[in-house]
Amino acid sequence: MKKAILLFSLALLVSCGNQTKKEAVSNSETPDHEHPHPHSLDENGLAPHTENTIHQYAPTVALLNSIYEGDITPEQMVQQGNIGIGTVNHLAGELVAVDGVVYTIDAEGGIKVASQDLESPNMTMINFQPKRTVTVENIESYEDLTKTLQKYATSINSFYAYRIKGEFGYLKMASAHKVENEDVSLFEYLDTRVMYTRENIKGTLVGLFTPDYLGNIVIPGMHFHFLSEDIKLGGHLEDIKFDKLQVEIQEVNQVNLQLPETKKFRTRELKQGAAPKATAKQNGK
């Protein structure tokens, strides 16, 4: 299947100079437990663009226009990165890519390795090469996690990719269920999602922060998907608690946007609109 790829390169401003070390999120007086990674970086701590690009299949605005069908496959996804988050055609499940393997997450959170004939209407992949690791403590909510991670951002206008491994005291998650009406609005559909929770569960969260001004290209705000250590459960993160975990961080300052070849995408006029945030609570639910 031939693909038409639009390279949409965004050179974003990054903070210059040395950054003051920030404190860990705890009441201790120890520094932030930051561990730099020995990669070749520029003066702003960024990797070369070949290592520092988000590969976005289909813009968020397509979902806002009820385009729930795409033509990217798992094989093509992992050619673009080793971690990622997305959804299945017709919203029949979520997707999470961890260590170069793409998994489907059904409506109840069940996990399977994605079949090679699966296709997606929206997928974000990155070749994750973290340049920083910080220790984060005493997280009591999704809001806590968001505020804490934002403290480690060196530019308010960059993307940031994250990986968090370990045991989570509490996770609230959701997955996607197949749309009955292909023209249902995304906001109406999101109101019907079923949530589920787990306590004391080990696994990996992969995620991305997208600044609001790029929200019609990539889903704005913090957006995480989970894969359990035993590869039995996953989900789109809605809420979280944990005592103390390390977070790997990569700042990203370039995005390649690939446009779908499906008839619906090629023929439907895309109307601009406010993109939903990644969680129901952020959308006022």
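Predicted model: local features only at pLDDT ≥ 70, side-chain atom pairs only at ≥ 80, totals over all residues.

Student: Which residues have the most contacts inside the largest nonpolar core?

Tutor: In soluble globular proteins, nonpolar side chains tend to be buried together. Here the largest nonpolar core has 48 residues, and Y162, F168, F224 and I240 have the most contacts inside it. Strand β10 (residues 159–174) supplies the largest share of this core, eight residues. Another core lies apart from it, with twelve residues, among them V102, A114, M123 and M125.

Student: What does F224 touch, leaving aside residues up to four places away in sequence?

Tutor: The contacts of F224 comprise Y142, L145, L149, Y162, I164, L205, V206, G207, G235, H236 and L237.

Student: Why does N122 count as buried?

Tutor: A residue is called buried when its relative accessible area is under 20%. N122 has 5% relative accessibility, and therefore counts as buried. N122 belongs to strand β8 (residues 122–126). Not counting residues up to four places away in sequence, N122 touches Q56, Y57, A58, P59, T60, L63, G86 and T87.

Student: Which strands does β5 pair with?

Tutor: Strand β4 (residues 83–87) runs antiparallel to β5 and is joined to it by four bridges, with T87 opposite E94. β4 and β5 form a hairpin with six residues between them, and H90 in the turn has a positive phi of about 65°. β5 also pairs with strand β6 (residues 101–105) in the antiparallel sense, over five bridges. A97 has V102 in β6 as its bridge partner. In this hairpin two residues separate the strands, and D99 takes a positive phi near 55°.

Student: Why is strand β9 described as largely enclosed?

Tutor: Seven of the eight residues of β9 (residues 132–139) are buried, so the strand is largely enclosed by the rest of the structure. Strand β13 (residues 234–252) runs antiparallel to β9, and seven bridges join the two. Within this pairing, T135 stands opposite Q246 of β13.

Notes: Residues numbered from 1 in each chain as written. Heavy atoms only, no water. Core = buried A, V, L, I, M, F, W, Y, C linked by side-chain atoms within 4.5 Å. Buried < 20%, exposed > 50% of the residue type's maximum accessible area, 1.4 Å probe, protein only. Contact = heavy atoms within 4.5 Å. Pairing = 2+ DSSP bridges.
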